[in-house]
Amino acid sequence: MLLLLLSLGLLLAGSALAVLFFRRPAAARAAGVAAALLASVCGLAASLQTLFSGGFSSLSLPWPVPMASFSLVLDPLAAFFLIPIFLLTGAGALYGAGYLDGNARERAGLAWGAFDLLSASMTLVVLSANAVLFMTAWELMALSSFLLVLFDHERPQARKAGYLYLVTGAAGALALLLAFSLLSPSGGPMDFARFARPGGAAAAAAFLAALCGFGLKAGFIPLHVWLPEAHPAAPSHVSAVMSGVMIKMGIYGLLRVLGFLLPWPAWWGGLILAFGAVSALGGVLFALAQHELKRLLAYSSVENMGLILMGLGLGMLAVSDGDYALAALSFSGALLHALNHSLFKGLLFMGAGSVIKSTGTGELEALGGLSKKMPVTASYFLLGSAAISGLPPFNGFVSELLLGLAGLLALGPRSRLAPWGAVVIVSLAAVGTLAAACFVKASGSVFLGLPRSRRTDGAREAGRPMLAAMAVPAAGIALVGLFPSAALRPLSAVLGSILGPGAAGFLSAYASVPLACAGAAAAGLAALLLALWTARALLLRGRKPGAGPTWDCGYAEPTPRMQYGASSFSQPLTDLFQPVIRVIGRYPRIQEYFPSGASFSTEAQPLVYNTLYTPAARRIRGLAYRFSWLQQGRLQFYIMYIAAALIGLLLWKL
Amino acid sequence: METLRPLSGLLAALLLAPLLPGVANKVKAFFGGRKGQPVLQLYYDLAKLLRKTPVYSVTSTWIFKAGPAVGLGALLLALTATPFAGRSAPLAFDGDLMLVVYLLGLARFATVLAALDTGSAFEGMGASREAQFAVFAEPAFMLGLGALACITGSVSLSGIFGALTVATWAAAAPVLLLLTAAFFVVMLAENSRVPADDPNTHLELTMIHEVMVLDHSGPDLAFILYGASLKLWFFAALIACMVLPRHSGAWATDTGLFLLAVIGVAAAVGAVESAMARLRLLKVPYLLITAFAFSALALILQLAR
Amino acid sequence: MHILAELVIVLIILLDLGLAVTGSLSACIRLVAAQGVLAGLLPLLAGTEGISAGTAAFAAVIVLLKGAVFPWLLIRARDRSGARQDVEPLVSYPVSVAFCLGSFVAASWLGSRLPLPETGVAWIVPASLATVFTGFLLITTRTKAITQVLGYLVMENGIYIFGLALFVQQPMMVELAILLDVFVAVFVMGIAIFHISREFDHIDTAELSELSDWRREGYGS
Amino acid sequence: MTTAVLLLPLISGLLAFVLRDDASRRSLLLWTARAHSTLAALLVFFWLSGQPEAGGAWFAFDPLGLFFLAITSLLFLGASHYAARYLDSEKRSPGEDAEPGFFFSNAPEAVFTGSLLLFLAAMTAVTASRHMGLLWASVEATTLLSAPLIYFHRHKRSLEATWKYLLICSVGIALALVGNLFLGAAGVKAGVGLDLPSLLSGAPLLERQLLKAAFLFVFVGYGTKMGLAPFHTWLPDAHSESPAVVSALLSGALLNCALLGILRVSAVCARAGLADFTGGILLLFGVLSLLTAALFILGQRDYKRLLAYSSIEHMGMISLGAGLGGPGLFAALLGALSHSLSKAGLFFTSGVVLEAERTKQIPEVKGLLHRAPLTASIWLAGFLIITGMPPSGVFLYKFMILRQAAASGRYWLAGLFLFLLVIVFAGMARAFISMVFGERPEKPGEKPFREPRGMLAPAALFLFLAVLIGLWLPGWLDSLLKAAAANAAGTL
């Protein structure tokens, strides 16, 4: 706990120093980065220690504000979510040191201040055990990331994103206030330790409010609208942190609050699972239809949050069914996927950032062939792509294995949850293939083939700090993939703090063999690939492979423009899912006999935003517009309101 | 011999897999009234390709070269988890079917990336189609396996097919038939056979799998061809496991019967290819959705029991 | 004595009606002044015991203010502003009369609903409340700024009578404070009218509706 | 000391009319404000130390009055410093309206300063009144004395605003007088007068039906002044057309005075066992105010009107808190304090924004960060604080009201409350983001803007205080708030 307090202090100090040094960007950057790195090291040490020793420590200081107390609790659940925070903010800071170098120097102070504040507030969110403290940290998190989203506030998209983000964040925070109020209606400080499940409809209301509030941060469909706008708008290391870690705070909060609401009715789990499945499928379909790299990654975050929620939902269903083994499996699948997602999504956003910094664009249709100019970045990005598609031997597979195993177990003979199990495994399979298609498209159009425009001409490999930063999540991906059994103990500890100490044993009973085998399979796969590669090398020994143009079925001079583009790649799938993905195509109209230039492009419409939010906003604005007559400026009417209200009150109340 | 027995299934797969395309082709030739190529043609091809010097496009990078090796490696590992003749596979654990499905995914991922690395319009087209069909094939396959898990109460491939007995067939014949049909359709699509794809077509615009590997040559192409035959073996073995629920316990009898069944599946593929025309590309997803519907129906029937 | 007081009450109600139908601005001012004078006299007539010096002095102040000072202020404002002589109601006269009568009915109903302390004078509570409502009527249905001040004064008259009706023993200090406030209010309003007439060239309040949030043109941008 | 705090602004105000010299008048304003705050602080200090000043029968301070006195005095202290600097800048640059070529003059400084001080005197009297009639007279006096302040800029629109303010509030206050008469009538039989102590002690003896009528009239009357919908109509006009410093005082101090009037009567009602009756009405009009604020904040084009509607929103929330009772009253009083601080800070800043941009139209202000970075930062911070971003008093009181709504089982109210808050937030966020951020269009012939530190300092200070009470509510303030809440609940 002391180490964590130290890292909190370091982050806050770094933030303050960076803001104070806003006239000297280099000093601000040094302060911000150094604080973040040091804090990461301290924090990681502390949380790993807690996680592996299964410890529990708390701290409670009085805070002279109504309902508040400065209560911190470090239990395994908190420690588990601290790991991605510290991993990614540390790596992000290192990356940002290279990424922010050179552009927008006058904003460096503010940017680093906000970045360190974001790290500190996320740490505090996870640690706090009092509603007022939690909300303070929560809103500081929203505020600091809002400022970072508006880093490039001269761009209208950034302002739109910032607006959407701020408003959805505020709505979510208000819902959380309601949830906390329902959990602790009686007077006194709102410490988590004093929370109790309210009776009757209030429990359901608290659950729905928490789902809404945390869901708006976690960004599952249909509460995700801010996500694909805000993540691309922020600088890439911030996108990595936001997408990789910050949205996980929604999952953390949901888990924390669900802990107060036990026992859970079955429909809660069903609802969460349904939201999860919709988010997973919808998210990946929308991702597939995007052709801006960071937007694609943002939608893919929606998909992964969906997978996590599916695990949570199945686990909750299992708990209300009394099947703790199944619950342990699905919860740990969800938890591990949360960690995994922060690793590979962090890596992918950093990779995307390197591409954007080096070429100035993230448009897939303008890129291509970058693996020759940026080989290391390309390898990292490919690694991330494989991991996010859930492919062995990487970490994504491990968590999807746990989820799939849970789904299959739910299908077992005691099959009250069988339909849900079927939903889980079908969604997993569909999402897995769609994600693979999506990331093949992304990495293929950015790094493979030939450049599609001149934007890539000046591309250079990312700088040292950026590459070093990318190595951190990359190492995590490989480690979790190769040694999944190591996750068993921490996950058991976390399960213990959610479901009670009994649940921990179930996990090792059911998951230790599969995890060990998955690790063995991963190692075996690695060895097999090495063997095959060696065999290939041996076969080719002494022979000099020929070189030539790509065989294009007899066409002698293929040009880069003839390549399959990102839109063409995904078109068959997007066409099939037309009702969900509204792709608007702009087709050229060819009229002359010798048409000169023509281009064709497609754009995916944000379905939920267009069909849910825009009409609702329009309806409310229309209402406001209609009622604006009330303030029409005539004194007579104003006095009449008073008279009418008075007479109405007299008639009604006397 | 005793040490070999547990591995016999794996060995048989490695050695006999290239036979299956030959069998299918021979059956096709029979129906067409032709003599056809030799059954061992793929062995000859592989031997020749391994000796050839490859040619690489200047556009491509290491990803292009790694693709075939990764694809082959993934399939090799998948086969270690495939049960054989009523016996457990060398690699069997709860949830191993997830591993197998995701390994197939890895192979696809590598192949598709390698195709995109060439920067060729045709290969990109094939890659796109491959990715598209997988989206439908894989859920159908997973759901089918899930239905089997529901029937047998086991969640590993070896466990499922170990628990599949005559009694199971007697109790749930319609369900199992539906699942067999679903697996067969998935097999046709995953292995680029008619009616999803035509391995013998010569029109690049209509190809799927073949067009993706246009640029590969030499040992790389050998890896790909061998990997494709392993994939066919994998599905054929699963279907054989489905339709052969009875095991005598004698190793030789079981193995012989099982091999016959696998070859029978290959022959059935050939028969289907002779009897049907290739579907239009747009209709292929409908075929796979039908397979998905079969799997779903099987599960529903089982749950409603 | 109560007969006299009741006569005054009836007169006050008639004045309400008169205000509702009068079209001339200066007539309106005179009617309001008359009502004020009558209201000021009322405590002298309605008191059960003898008339103390304090009450008499207070009544004198009120009569002076309402009968002389306010009309003078208002007529001055009217002259300065050069307003036309009509009050320009927004509703027709029959409607005004109907409203006035309706307000008397409503006031009677309200008075009967409330367990008010007994008064010696009949109709005083309904009359006072009806006068308040007539004040509202004047404010809401007339367009000129001066008529709005008149409406305010009528309301104050009503409230004053209402206070008498309840025989609340107000300490003199509070009475004075209230009176002072009313006086200052009218004074400030007079100044405001003066400024309005200077800025706008007339005191039609239709002009005074620039400050509004009414988005007629639709939700822009 | 009570006498001193009452007389000081009165005498200085009269003096200000007489003084000839601008500089000495300004220092009179500053020193009066300082002395007034010192006296108020001393009063609070004596109360805390357990020896509250007894006061007279007419004027005395109970904790509730003391609390509002403290807010008023603090706000006036900031406002006086702001005003001194503001008058200076107004003097140098004669006002040019947003409409080109439309010039106006300002009211004489003597009138402005004098009215300002007398306004303070009237507000002090409101907080000190122990008699309902006197309270009424003081509230009416605040209306009359603030009218000249609103009409500082002598042009059409501010005149219109003044006129509406004057008439609507006068009508409202007249109704409050009727209410007071009912209150007196209710006590006639029991022999209970209109002074607060006897009203409170004799509350159970009062005629219930008359007491109800009294509350209704008083509520509508003071509610008009407090800016509760649908009686709020004067508020956006007056706030938008008056100088920033006056808007700040109107919003931060004057509305509170009217709130005090309502609380006084509702305390009596609570004593008489009518807490549910008053609570229901307060809740209803609280929700109506929130609804109105939400509808008019959405798509609002004038940023000072936006702030005015935000005041209506907060008055609605405070009314909700008062209606919920119990800890809700504490929340309402905390809300009054936090709203005063943050809204005054925002209005102060709005004056600087107006000076920088010469327009009150939101769509015409873009990229304020480029022209006036410090102002823009304070402006943005103020927005976040007033909308309840923690840590701040606004956040705390919002949270407490919600908690109380949940505790009393009013889930629909809680849900509606949240929904309306989201709409308000969305409307305000759009305005503030579009003003603060973005590219600034080139305006020909525009000189670089020097940010007036003297005007920004009080704004920043108030906003800082609003944040501070969210971080650290000192023990003395807590006990003052608790005692004041007990006063308002009629239990002390």
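Visitor: What makes you say that chain D is in contact with chain C?
Guide: In this predicted model, 37 residues of chain D are in contact with 35 residues of chain C. The cut-off is C-beta atoms within 7 Å, so those residues are the ones that pass it.

Visitor: Which elements of chain D give two or more residues to the side that touches chain C?
Guide: They are α5 (132-150), α6 (156-186), α8 (208-226) and α9 (234-241) of chain D. The largest share comes from α6(D), with 17 residues.

Visitor: What classes do the residues on that side of chain D fall into?
Guide: You get 21 nonpolar, seven polar and nine charged.

Visitor: Let's move on to chain B. How do you know which pair of chains shares the most contacts?
Guide: Four pairs of chains are in contact, and chains A and B share the most contacts among them. That contact takes 63 residues from chain B and 68 residues from chain A.

Visitor: What supplies the chain B side of that contact with chain A?
Guide: β1 (55-57), α4, α5 (96-117), α6 (121-152) and α12 (284-303) of chain B each supply at least two residues. The largest share is from α6(B), which gives 17 residues. By class, the side of chain B that touches chain A has 40 nonpolar, 15 polar and eight charged residues.

Visitor: How far apart are the nearest C-alpha atoms of chain B and chain C?
Guide: They're 42 Å apart, and chains B and C do not touch. Chain B has no contact with chain D either; there the closest C-alpha atoms lie 40 Å apart.

Visitor: What confidence does chain B get?
Guide: Its average pLDDT is 90, and 98% of the residues score at least 70. Within chain B, helix α9 (residues 209-212) is lowest, at a mean of 84, while helix α4 (residues 62-80) is highest, at 95.

Visitor: What makes α17(A) roughly antiparallel to α21(A)?
Guide: Again, the angle. Helix α17 (residues 418-447) and helix α21 (residues 566-576) of chain A have axes that come within 9 Å and cross at roughly 165°. With the limit at 145 degrees, that makes α17(A) roughly antiparallel to α21(A).

Visitor: What handedness does the crossing of α17(A) and α21(A) have?
Guide: It's a right-handed crossing. A:Ala437, A:Lys441 and A:Ser445 in α17(A) meet A:Ala566, A:Phe569, A:Ser570 and A:Leu573 in α21(A). The classes here are four nonpolar, two polar and one charged.

Key. Residues numbered from 1 in each chain as written. Chains lettered and ligands numbered in written order. Predicted model: local features only at pLDDT ≥ 70, side-chain atom pairs only at ≥ 80, totals over all residues. Contact = placed C-beta atoms within 7 Å. Helix = DSSP H or I, 4+ residues; strand = E, 2+ residues; numbered from the N terminus. Nonpolar A, V, L, I, M, F, W, Y, C, P; charged D, E, K, R; others polar. Axes fitted to C-alpha atoms, helices over the stretch in contact; angles between N-to-C directions. Parallel < 35°, antiparallel > 145°, perpendicular 65-115°, else oblique. Left-handed = near helix turned anticlockwise from the far one by under 90°. pLDDT = per-residue confidence, 0-100.
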